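Me: Could you walk me through this structure, one step at a time?

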Amino acid sequence: MRKVNAVISMAVVALLLLHAVAGGFQLMGVFPGGNQVLAVLAWIMTGLIVLHIIIGIKLTADTLIAIRKSGVSYQRENRIFWARRISGFAIMLFAFCHVAIFLGPSGDVFRLTVFEGVQLATQILLVLSIAVHVLTNIKPLLISFGIKGLRIYVKDVLFVLAILMLFSGIAMVIYYLRWNVMWR
């Protein structure tokens, strides 16, 4: 089950990269919205995320059962484990907000009904929670695929993800400014 989850996680990360870049350019006004291929890929990513959540819940339940049976929880040693679970839960909440905000149909393209401070804050928190979740899970993900020399790959992956997260955050701020300054 962990290997299946690793494959799903890698597919989600790849689709997330594509979604974040394309969506960022759309938010900044570089590309027009309404691309059907990107919409299909976003829904495929959503389905994979649901599978990832189900597997994550099962693995977390197994861990909690093992903790209960052993009677020892090792809180300090399991901080990264809980950071992964908490960031995953935060992603679920903020992803729901993301879908609710960005799926306002208006004809053939999707438009927002409003994008003010609260919406911007939820999207920045989504980016941050994804960053925490991916950063705490990248090493075990690489290990699960048998990738050796982790230090080199982890640094490269972290650099690319940091740039992507920064780009996504900037795109959301630009969209916020476009919505609240230029369109009023």
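Me: Thanks! Which pattern does the protein follow, read along the sequence?
Reply: Happy to start there. This is a predicted model, where local features need pLDDT of at least 70, side-chain atom pairs count only at pLDDT 80 or more, and totals for chains, interfaces and linings use all residues. Residues are numbered from 1 along each chain as its sequence is written, and side-chain values use heavy atoms, with hydrogens and water left out. Helices (H or I, at least four residues) and strands (E, at least two) are DSSP runs numbered from the N terminus, and the pattern reads α-α-α-β-β-α-α.

Me: What share of the residues counts as buried?
Reply: Buried means under 20% relative accessible area, exposed over 50%, and partly exposed in between (1.4 Å probe, protein chains only). The protein has 184 residues, and the buried share is 32%.

Me: At what angle do the axes of H1 and H2 cross?
Reply: Axes are lines fitted to C-alpha atoms, for helices over the stretch in contact, and angles run from 0 to 180 degrees between N-to-C directions. The axes of H1 and H2 come within 9 Å, and they cross at roughly 145°.

Me: Which residues line the largest cavity?
Reply: A cavity is a set of points on a 1 Å grid over the protein atoms alone where a 1.4 Å probe fits but cannot get out, and lining residues have an atom within 4 Å of a point. Grid points are joined across faces, edges and corners, and a volume is the space filled by probe spheres set on the points. The structure holds one cavity of 30 Å³ or more, and the largest has a volume of about 40 Å³. Its lining is Leu15, Leu18, His19, Leu38, Leu41 and Ala42.

Me: Which elements give two or more residues to that lining of the largest cavity?
Reply: Among the lining residues are Leu15 and Leu41. The elements in question are helix H1 (2-27) and helix H2 (36-70).

Me: Is Phe81 buried or exposed?
Reply: Phe81 forms an aromatic pair with Trp82, 4.9 Å centre to centre with 85° between the planes. Rings of Phe, Tyr and Trp (its six-membered ring) pair if their centres lie within 6.5 Å; planes under 30 degrees apart count as stacked, over 60 as edge-to-face and the rest as tilted. Trp82, at 26% relative accessibility, counts as partly exposed. Phe81 has 14% relative accessibility, so Phe81 counts as buried.

Technical notes. 1 Å grid on protein atoms, 1.4 Å probe; cavity = no way out; pocket = protein on both sides within 12 Å on 5 of 7 lines; lining within 4 Å.
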